[in-house]
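Morning, everyone. Let me put the model on the screen, and then we'll go through the interface and the metal site.

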Amino acid sequence: MNVFQPEAPLLQVHNVTRYYGDRIGCLDVSFDLWPGEVLAIVGESGSGKTTLLNCLSTRLAPTAGAIEYRMRDGAMRNLYQLTEAERRLLMRTDWGFVHQNAADGLRMNVSAGANVGERLMAVGDRHYGNIRSTADDWLGRVEIESDRIDDDPRSFSGGMRQRLQIARNLVTRPRLVFMDEPTGGLDVSVQARLLDLLRRLVADLGLSVVIVTHDLAVARLLSHRIMVMRHGNVIEAGLTDQVLDDPREPYTQLLVSSILQV
Amino acid sequence: MNDTAQIFDQGEYNFAYLDEQTKRMIRRAILKGIAIPGYQVPFASREMPMPYGWGTGGVQVTASILGKDDCLKMIDQGSDDTTNAVSIRGFFEKTAGVRTTYETSEATVIQTRHRIPEKGLREDQVLVFQVPIPEPLRFLEPRETETRKMHALEDYGLMHVKLYEDIAKNGHIATTYAYPVKVNDRYVMDPSPTPKFDNPKIDQMPALQLYGAGREKRIYAIPPYTKVKSLDFDDYPFEVQKFDKPCGLCGAENVYLDEVILDDQGGRMYVCSDSDHCEERRANGHLGPMAADPAATHFAGGASEETVQ
Ligand SMILES: Nc1ncnc2c1ncn2[C@@H]1O[C@H](COP(=O)(O)OP(=O)(O)OP(=O)(O)O)[C@@H](O)[C@H]1O
Ligand SMILES: [Mg+2]
Ligand SMILES: [Zn+2]
């Protein structure tokens, strides 16, 4: 092990490519993600952000390339060689996935408590009282009042639904969370509150995060590192402040300046 | 069983209505079901001369296992004399010419829609269930591809989500019918639509249990003496319904009771839902607290009058 790197990477991405027929989704993407690191993937609409995120999170098989993940036992595993049972266990214990549209990540027809408790029950928790108090605790951590625990998410506002989705993902203490535009579609003030909450949770839990956003302000606030995508390619990557303050690529300069004009 | 086909294959129907090829196909599904207790085996369900919802799955299973020496009992809601039971019994009397009975102990094949007889079943008996919805995960996961995967991976957390909701909304597990069970420590199964009162009876039952869902084209089975556990939480253990009074007619306790309205002045009583069990007890001299009540005797008399064939 490299003496300058006290820890090993959590995720190693090797030349990941995804085609949709002839159309490029993402092309030849490689990077490492380190424990506790927040990586933002930015770029305009259609640049391949979601495609890449879905490849990483085993929701979409790449056309070529490999993705390795360090399991809790320390072993590095090729994600697309896991059995379906291993993959499911990983997704509901060690990982989280926060969708832009909360309804895609929640069970809208069961209570908030059951939404948060589902992962616990999936991994074998069979004590109702414990499940409920853990769910209650997590609702508190995402600033949802205890007395909403038996309400179903249809009665929740957009911001609450998103916070519930986050609690549902974090209840098993995952090490890696994928997020696709988690603040998209929310009012500006609601966005600010959610970002603030996310930043605190990520720091408290030491989470590694891969977050897709087209909002550079979100990337600036949450991420340590940033990857800029265009036409499926990663055209620039580096520390967030460096890339945003001193972009090298003309395209990134354009992106940064357009946000400054807003 | 094949010789029976020749004997009865004289009119418009083959013995027990189904042709031999269909029966073989269904028997293969049954055998597979017995080999994998609780697993839902797909089968090519046939059109039966009765609408879905009338137990076409159970009827096809019964038709496939029936031999000419069998004695058949039909149960609907616990009773043998409701329309559904009467017409299916008539169907088999006509197409198979088998003996039928109301007496649990006399039957070799018992087809039921709701109840399991109170009297313990034996190794030489087969219990056939008519199942409307075989998939226990359907409630929270409508996608068939996904539920199949969940069964394959023994991924059953969702069943407890349903029970969690029950407790959160009602303070206790309020599911009283089609209460999910785990069979042989492997497959989660819906003993639909029996009341959960009967769940303990399907655990380690000496008789073979066959479940047929016609519309959904599924057969599943529990072989004799198989472990069947009702799902629950450590702090909310599975419990059966308790009735605080005995049967009004025969005095039986720890049996499943139905409420019966006796008159239009609010008179009511609770009686065994298993009518055969009740009659047998009364014949043996057991009397319940309402046994001498004229309205109750009328009810009991009326019920037993209909049973005269
Ligand atoms: N299911 C699909 N079938 C065919 N082409 C697709 C599919 N999904 C994405 N694409 C194409 O792949 C490219 C990358 O799309 P992707 O959704 O990854 O972009 P994105 O960066 O997430 O965009 P947005 O910001 O709009 O969400 C686009 O050209 C898109 O049209
Ligand atoms: Mg996208
Ligand atoms: Zn009785």
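Buried area, as I use it, is the accessible area (1.4 Å probe) that two parts lose on being put together, summed over both. This is a predicted model: local features need pLDDT of at least 70, side-chain atom pairs count only at pLDDT 80 or more, and totals for chains, interfaces and linings use all residues. Side-chain values use heavy atoms, with hydrogens and water left out.

Interface. Chain A and chain B bury about 1,900 Å² between them. Carbon and sulfur atoms carry 59% of that. On the chain A side, A:Arg88, A:Arg126 and A:Tyr128 lose the most area to chain B, together 39% of what that side buries.

Next, the charges. The rule, a side-chain nitrogen of Lys or Arg within 4 Å of a carboxyl oxygen of Asp or Glu, finds 3 salt bridges across this interface. A:Arg88 and B:Glu146 meet in a salt bridge, N to O at 3.1 Å.

Now the metal. What coordinates the zinc ion (ligand 3)? B:Cys247, B:Cys250, B:Cys272 and B:Cys278, each through SG, at 2.2 to 2.4 Å. Donors here are N, O and S atoms within 2.8 Å of the metal (3.2 Å for Na, K and Ca); water is not among the atoms, so sites may look incomplete. In sequence, the spacing of the donor residues reads C-x2-C-x21-C-x5-C.

Last point, burial. Both B:Cys250 and B:Cys278 are buried, meaning under 20% relative accessible area (1.4 Å probe, protein chains only).

Note on methods: Residues are numbered from 1 along each chain as its sequence is written. Chains are lettered from A and ligands numbered from 1 in the order in which they are written. Buried means under 20% relative accessible area, exposed over 50%, partly exposed in between (1.4 Å probe, protein chains only).
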